[in-house]
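Trainee: Could we go through this structure together? I would like to begin with the ligand.

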Amino acid sequence: MSGAGIDLRVENRFTIVTIALAITSLALGGLFGILQLLSRTPYYPKLVGYDTYYTVLTAHGVLLALVFTTFYIMGISTYILSRQFQVNFDPRMLWSSLAVTLLGVVLAAAAILSGNAKVLYTFYPPLKGHPLFYIGAALLIIGSWIYMVEVFRVYFKWRRAHPDAKLPVPAFGIIATFIIWLIATPPVAVEVVLLLIPMSIFGMSVDVLLARTLFWWFGHPLVYFWLLPAIAMWYYLAPRVLGVPLFSETMAKVAFVLFIVASTPVGLHHQFVDPGISPVLKFIHTIFTFIVASPSMLTAFNVLATLERAGRARGGSGLIGWLFKLPWTNLAFAGIIVPFLLFGNGGISGIINASFQLNTVVHNTVWVVAHFHTTVGGATALTFIAVTLLLIRELLGRELIAPKLAVAGIYLWGLGQYIFSLGYYLAGIEGVPRRTADLLYGGLAPPSWITWLQVGAIGGMIFWISGVILVGIIVASALFGKRVKVGEDEMLLDFKYTPVRNGNGGAVLDNLKLWLIVAIMLVVIGYLPTLAEVLGRGLVPAPPIPP
Ligand code: HAS
């Protein structure tokens, strides 16, 4: 198996193994998802008890938000960059990064599944889990760093060979993803290694505000680590499926640059109600939050304009006539448009989350659960699933066993998430709390809570069924699909790129070192005063509490 020149067998094998691990995490995480959804919905079957609920919720969040995404991004980044740059990855770096990451996942999963880490995927202290959970988390980060170093080595090797070439958009998105990872991950490593591992082993007391501030320094840019590979694939796949160029490659790169520079100094928007941090600093992070929302809106425009260009090229006319000319039954198109529309849903609720006053209404309610199921569970996860369906044919050389059912599964996922999010947005506005096993409150819960939670559960069951269908098709096709030889001209995901000379404006956009420096400066503006304030008030360590 090679792609357009160099021998890609190692990269292909790594992509197959990591995406197989990602899909396994998706399946397990999804199983925990339906267990908790039904158990927490009033008058639905209690499949798990209150105590197990928090183990199941921790497993669901860790397996999907952290494990599924990390493995998938390692795999698809290797696939994309090796083809775009025609540069081989170092097998020792690939497999050692996977080994360390996998060891971390196994240790954390052992702690969770044994019921000794009911700390949820944000592992806020003073809740204390088993040391293996935190050691596992640290290894997952270290494994991702090993991989990140290799990504940058491959990029610089390509850049040295092509100093004046334009950086292609998909590769730009992947490199931007890891620049954000480079800026975002040190604080959570400090939190886990210097605070939480000593807390879990020696019972050390931990300043909760400091730990949360370090976590959210990492926690929001984490969402763009999840989002950018999906957006990079929208930008690449849409033109290939539709037969028209992307509306604006420059706009795509401006969006990635804005993600790089503004994704990190925003974490206080997760801490609007935290005491001990001044409103001025929270307001500064709010400004950066609205800045970092803008590249998503550029993406909205860029993708929609590309769709319109394609619809009109196919004979569409009038204000919306072009919509009906788009290939809605095409698997690759469905795999772009449904995640994109889900991101419209989740992104707009993110804007509401980020509005200081509105956040006090929605914070810690199931509104936020609707927000992140349509973002990471919609835009990201569904794009990753759709691309996996395409890779089965193009990388594994197997036909999908039920391609039409796969397309239906993608639309069903979208329908289910829209119904789920409707129920949970409206329940959230009414104050229904998240991360809570019993929502009846001994019969005191308002009737409207019950109605909207049950609407959410119907949507959740629909999108869980679509997940079973899609994962089932992925596994069955990978194992039993009819073998097929896919010609290079048939490939949608060949990511082939022949270097072309950059224009002046393009050279500025491609100057990633410049954007890294700007990003670091903005992080200093956002976090130096924040840490000074948190540390300056005198630490208030809280003794650990076993969950
Ligand atoms: Fe978020 C909480 C704010 C994007 C994930 N977010 C979370 C959590 C997760 C998460 C996992 O300000 C929970 C963390 C926890 O456990 O506590 N988020 C934002 C903002 C954005 C945003 C402003 N989030 C994401 C993405 C995620 C993600 C992306 C995963 C991939 N988020 C917050 C805030 C909180 C939060 C607060 C804390 C809440 C609290 O109090 O706890 C922005 O980046 C969003 C920008 C996007 C847009 C949409 C662009 C539209 C597009 C398509 C348009 C489609 C059209 C077609 C026009 C502005 C690209 C029509 C279709 C329609 C349906 C309109």
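Trainee: Which donor does the iron atom of the ligand have from the protein?

Mentor: This is a predicted model. In it, the iron atom of the ligand has a single protein donor, NE2 of H371, at 2.1 Å.

Trainee: And where does H371 lie?

Mentor: H371 belongs to helix 12, which covers residues 366–394. A polar side-chain atom of H371 is also 2.9 Å from a nitrogen atom of the ligand.

Trainee: How many residues surround the ligand?

Mentor: The ligand is surrounded by 36 residues, and the closest are Y224, N359, H363, H371 and R434.

Trainee: What lies 2.6 Å from an oxygen atom of the ligand?

Mentor: That is a polar atom in the side chain of Y224. For N359, a side-chain N or O atom is 2.8 Å from an oxygen atom of the ligand.

Trainee: Which helix gives the largest share of the shell around the ligand?

Mentor: Helix 10 does, with 10 residues. At least two shell residues come from each of helix 7 (221–242), helix 9 (279–313), helix 10 (331–353) and helix 12.

Trainee: How many residues of each class are in that shell?

Mentor: The shell around the ligand has 19 nonpolar residues, 15 polar ones and 2 charged ones.

Trainee: Changing topic to helix packing: at what angle do helix 5 and helix 16 pack?

Mentor: Helix 5 (residues 169–202) and helix 16 (residues 512–536) pack at about 35 degrees, and their axes are 11 Å apart.

Trainee: Is that crossing left-handed or right-handed?

Mentor: The crossing of helix 5 and helix 16 is right-handed. Helix 5 makes the contact through F172, I175, I179, L182 and I183, while helix 16 contributes L512, L516, A519 and V523.

Trainee: What is the make-up of that contact by class?

Mentor: The contact of helix 5 with helix 16 has 9 nonpolar residues, with no polar and no charged residues.

Trainee: One more topic, the backbone. Which residues does a cis peptide bond join?

Mentor: A cis peptide bond links P125 and P126, with omega at about 10 degrees. P126 is in the loop between helix 3 (91–113) and helix 4 (131–161).

Trainee: And what is the phi of L120?

Mentor: Phi of L120 is near 65 degrees, a positive value in a residue other than glycine. L120 is placed in the loop between helix 3 and helix 4.

Methods
Residues numbered from 1 in each chain as written. Predicted model: local features only at pLDDT ≥ 70, side-chain atom pairs only at ≥ 80, totals over all residues. Heavy atoms only, no water. Axes fitted to C-alpha atoms, helices over the stretch in contact; angles between N-to-C directions. Helix = DSSP H or I, 4+ residues; strand = E, 2+ residues; numbered from the N terminus. Left-handed = near helix turned anticlockwise from the far one by under 90°. Contact = heavy atoms within 4.5 Å. Nonpolar A, V, L, I, M, F, W, Y, C, P; charged D, E, K, R; others polar. Donors = N, O, S within 2.8 Å, 3.2 Å for Na, K, Ca; no water. Near = heavy atom within 4 Å. Polar contact = N/O pair within 3.5 Å; in protein donor to acceptor, adjacent residues only side chain to side chain.
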